[in-house]
Structures are given as structure tokens and as C-alpha cells.
Amino acid sequence: MKVEVLKLDNFGRGIAYINDKICFIENALPNEIVEIETVKENKKYIEAKVIKYIEKSPLRIEEECPYSNICGGCNLNHICFNDENRFKINKVKDIMNKYANIDKELVKTIIYHDRNNYRNKLILHGKDNYIGLYKENTNEIIPIQTCLISNPKINEIIKVLNNTNKEIKEVIIKTSNDNSKVMVKITGTIEDTSILEKLCNVLIINNKYLTKDKVIETNIGNKKYLEGIDSFFQVNNTLTKELYDEVLVNVKDKNYKTILDLYCGTGTIGIYISNYVKEVIGIDYNESNINDAYKNKELNNVNNISFICDKVENKIDDFKDIDLVIVDPPRAGLDTKTKDYLKEINPEKIIYVSCDPITLARDIKDLDTYKVKYIKVFNMFPRTYHCESVCILERR
Ligand SMILES: C[S@@+](CC[C@H](N)C(=O)[O-])C[C@H]1O[C@@H](n2cnc3c(N)ncnc32)[C@H](O)[C@@H]1O
């Protein structure tokens, strides 16, 4: 069937209509005429794939990655970086306006760095003697030689693993932001570990550390952070500093006394701003994150931060007299209890760091005793449809 693509949806898929039913088409751009095949259909929508491009958009670019449309990692390889950034800021503007009635002008700008080699973490899966990435929405492994968005050290490790006899279930590779340190965890068997032992600062095979070091150190601005294999760490090598600086400008010189850093991971944001406030309390439910958060506190000689290892929703009602709350939840956003208590605590400001604009819009709407001062978009995940936002909420 031949259709004309009208616009993009929030996931970067083309939208067309067939007998008034919405049809989502992977790798299709506005104004393209494409021949499609239905992949899935229900009462409300159709999902389709392109069989043939009859008229291509002038915005379409050659896809550099050999695994494009196969591995399921990046889905915006077919537009240039400028168009990708334009798509992302417009998507955040539209979502904010549609779901939270926010003036589009309050979504100020999109900040971006490199389109390639920006990732400091990659998880690969293995079968027989090969390793690779899952094909989208399947358990089928696509063998890979290199990953365009991962940093060079990760690609060096992939090359070594590809040249070694192995039977691996999973490999986690993490690097420091300056690309100097590398940490690898392998589940499975590998014939020769000698090259890996030379290359890796931390090497873990089947939960056994083959190196003296158990963590790698990385810098963000003038702070140092230790990171274990199981701890959360922002994946963009360079843009994380800009993201944290956006939080910092909203804290500096404001004389805030007590601050909550909710969903604090390894304590990175709380430590980043700790010089400018009296006291920070970080909460995260992941034990490995909180263990590393305490190490990071010590590494940076910070005396005014403490951490709680628990769910935010279990602890949020313990607090009052808080000047500022920073939240950085996972994609699901904030739960109802947390939002209700945030309104009760009634801090002067809430800084909401979000990795999903849809749940951000929902939560802004629910936090109705606050108004949006501005939102900035950070393209932390180039080539994918994902983006991060920092939203500054002020008490009405
Ligand atoms: C997006 S990360 C943010 C980490 C940190 N702010 C940073 O910049 O590195 C979200 C964090 O929330 C934690 N988390 C998820 N659900 C939680 C919950 N209900 N209560 C506490 N922590 C939670 C995860 O362990 C993860 O560290």
C-alpha cells in the first residue's frame, strides 16, 4: 500500500492515515511517499514498515551505521544532527503544551555536544562465539564489530572480544568520561583474558574481580566520582557536566539551607552543588548506588551530605523545612504519594531533571502549586528519540 507521511510522532516514526486510522511507520519522514507493509494492527492504530521509498525527503541522509534499523539502538540515523535537535526541542514543546498547558516559549533551548562516541556504557549479549546487541523488541542478537555512539575505549574492548574464543552471556563495558579508564564485567567463559587484563582497570568475570581495583574514577566539572559496575551513572561523556551546571546555576548564591536530592544515584548532583548549600540529603533505593555515594562524599571531602538507601515514596513524608528539592526519577516519573508530599513540604523551588518529557508533563500538571520558570532540553542520547530535560518549578 502507498501512503504519504505527514509528520513525526514522539518516537521519530512517520505518521500517515489509512481510512482515518493512524499508522506509525519506522524510518519514514514527513512528505515522503512510501510503500508499506503492516507489522501490527488493532482497533486504534497500525504499525508498518517501509517496503519501498517512492519519493524521498530532501532531509533524509545516508545512514553511516551498518547496524542501522537492525540493532534497535538508534532510530534517528536517517536525519542530520540539526534536524534531530530541532525534532527534540519541538517534541518537548508540543508535549508540554498538549499535556500540561505550558507556553511553548518556556521551553528555552536544546543543548547538545557530539553525535558520535558519546556513550560511556554499553551492554552486549552473546551466543555461541559472537557478541552483539538485541534486535529491537526481540531476543535475537545482532553481532557487532563497533558501535558508532559508544566511546573509542568501548569499541577497543569489542574488538578484543571479537578476536577471542568465548562463550559469553553478557558483557557490561563502562568507561570514565575522559575515556582513560575502562571497566568490564563478563558473564560466561573466555579462552584468553591476557589482553583484557592489560586493557582494563577493572575486570570482572563471573562476579570474580581479576583486578585489584573494583571501581573507576571519573570527573564531572571539578568533582571526582567513583563508579562501580552496578551503579547508576549518566551515560553521556561530556554533556552531563552541562546538565549538572544547569542545576548548579539555580542553587548558587541563593542561600538555600536544606536540600533534598531525590533519586540521587551515586550522589553526583548533591555533591556537585554541596559547596553552595548548608545541607544535602540524597535518597536512592539502590544499595550499590548508595555505597558509591558514600565513597564519593569522602573522595570530594564533602561534610554536609548524607544519604538514605530506601524508596523515595517510603521516606518523603519524614521531611519538612526544605528549601529546594531536586528530583531525577527514572522514565516512569514521580509517584502520586511523592507528588502529594512535595506539595505539602512546599519548597521554594523544585528542580526536575527528567528523561521522559511525557511523564514530566504529567507531573508538572499534578504539581499544581508550582509554575514552570523554564525548561531546557539536553540531547544526552543523540541518534535516539530520547532526550533529557531540566525543568525549574517555582512555588506559586
Ligand atoms: C535517572 S537516575 C538518576 C541518578 C542521579 N541523579 C544521577 O544524575 O546520576 C534515577 C535513579 O533513581 C533510582 N530510583 C528509581 N526508583 C526509585 C525509587 N522509587 N526510590 C528511590 N530511588 C529510585 C535509581 O536507582 C537511579 O539511581
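Analyst: We will go through the ligand site, a pocket, salt bridges and one asparagine. Keep in mind that this is a predicted model.

User: Let's start with the ligand. Which residues come nearest to the ligand?

Analyst: Begin with the residues around it. There are 19 residues around the ligand, and Gln234, Tyr244, Asp284, Val312 and Asp328 come nearest.

User: Which helices supply at least two residues of that shell?

Analyst: Two helices are to be named here: H5, residues 268-273, and H7, residues 312-315. Each supplies at least two residues of the shell.

User: How do the shell residues divide into nonpolar, polar and charged?

Analyst: Nine are nonpolar, five are polar and five are charged.

User: Which polar side-chain atoms lie by an oxygen atom of the ligand?

Analyst: Look for N or O atoms on both sides. In the side chain of Asp284, an N or O atom is 2.7 Å from an oxygen atom of the ligand. Asn289 has a polar side-chain atom 3.0 Å from a ligand oxygen.

User: And what lies 2.8 Å from a nitrogen atom of the ligand?

Analyst: That is a polar side-chain atom of Asp328.

User: How much of the ligand's accessible area does the protein cover?

Analyst: Take the ligand on its own, with 600 Å² of accessible area. The protein covers 91% of that.

User: Now the second largest pocket. How much space lies in it?

Analyst: About 660 Å³. The lining has 24 residues, and Leu8, Asp9, Asn10, Phe87 and Asp94 are the closest to the pocket's centre.

User: Which element gives the most to the lining of that pocket?

Analyst: Helix H1, with nine residues. H1 spans 81-100. Strands S2 (7-8), S3 (14-18) and S4 (21-25) also each supply at least two residues of the lining. By residue type, the lining has 14 nonpolar, two polar and eight charged residues.

User: Next, salt bridges. What is the general idea?

Analyst: Side chains of opposite charge can pair when their charged atoms come close. The cut-off here is 4 Å between a side-chain nitrogen of Lys or Arg and a carboxyl oxygen of Asp or Glu. By this rule, the count is 22 salt bridges.

User: Which residue forms a salt bridge with Lys21?

Analyst: Glu41, with the closest N and O atoms 3.0 Å apart. Glu41 sits in strand S5 and Lys21 in strand S4, 20 residues apart, so to read this pair, think of a link between distant parts of the chain.

User: Where do Asp230 and Lys185 lie?

Analyst: Their side chains meet in a salt bridge at 3.9 Å, N to O. Asp230 is in the loop between strand S16 and helix H4, while Lys185 is in strand S12. The two are 45 residues apart, and this pair also links distant parts of the chain.

User: Last, the asparagine. Where does Asn304 lie?

Analyst: In the loop between helix H6 (287-299) and strand S19 (305-309). Its side chain has a polar atom 2.9 Å from the backbone oxygen of Ser274. For the backbone oxygen of Lys278, the distance to a polar atom of the Asn304 side chain is 3.3 Å.

Conventions:
Residues are numbered from 1 along each chain as its sequence is written. This is a predicted model: local features need pLDDT of at least 70, side-chain atom pairs count only at pLDDT 80 or more; totals for chains, interfaces and linings use all residues. Side-chain values use heavy atoms; hydrogens and water are left out. A residue is near a molecule or strand if one of its heavy atoms lies within 4 Å of it. A polar contact is a pair of N or O atoms within 3.5 Å; within protein, one must be able to donate a hydrogen and the other to accept it, and residues adjacent in sequence count only if both atoms are side-chain atoms. Accessible areas come from the Shrake-Rupley method with a 1.4 Å probe; for residues, only the protein chains shown count as cover. Helices (H or I, at least four residues) and strands (E, at least two) are DSSP runs, numbered from the N terminus. Ala, Val, Leu, Ile, Met, Phe, Trp, Tyr, Cys and Pro count as nonpolar, Asp, Glu, Lys and Arg as charged, and the others, Gly among them, as polar. On a 1 Å grid over the protein atoms alone, a cavity is a set of points where a 1.4 Å probe fits but cannot get out, and a pocket is an open set with protein on both sides within 12 Å along at least five of seven lines; lining residues have an atom within 4 Å of a point. Grid points are joined across faces, edges and corners, and a volume is the space filled by probe spheres set on the points.
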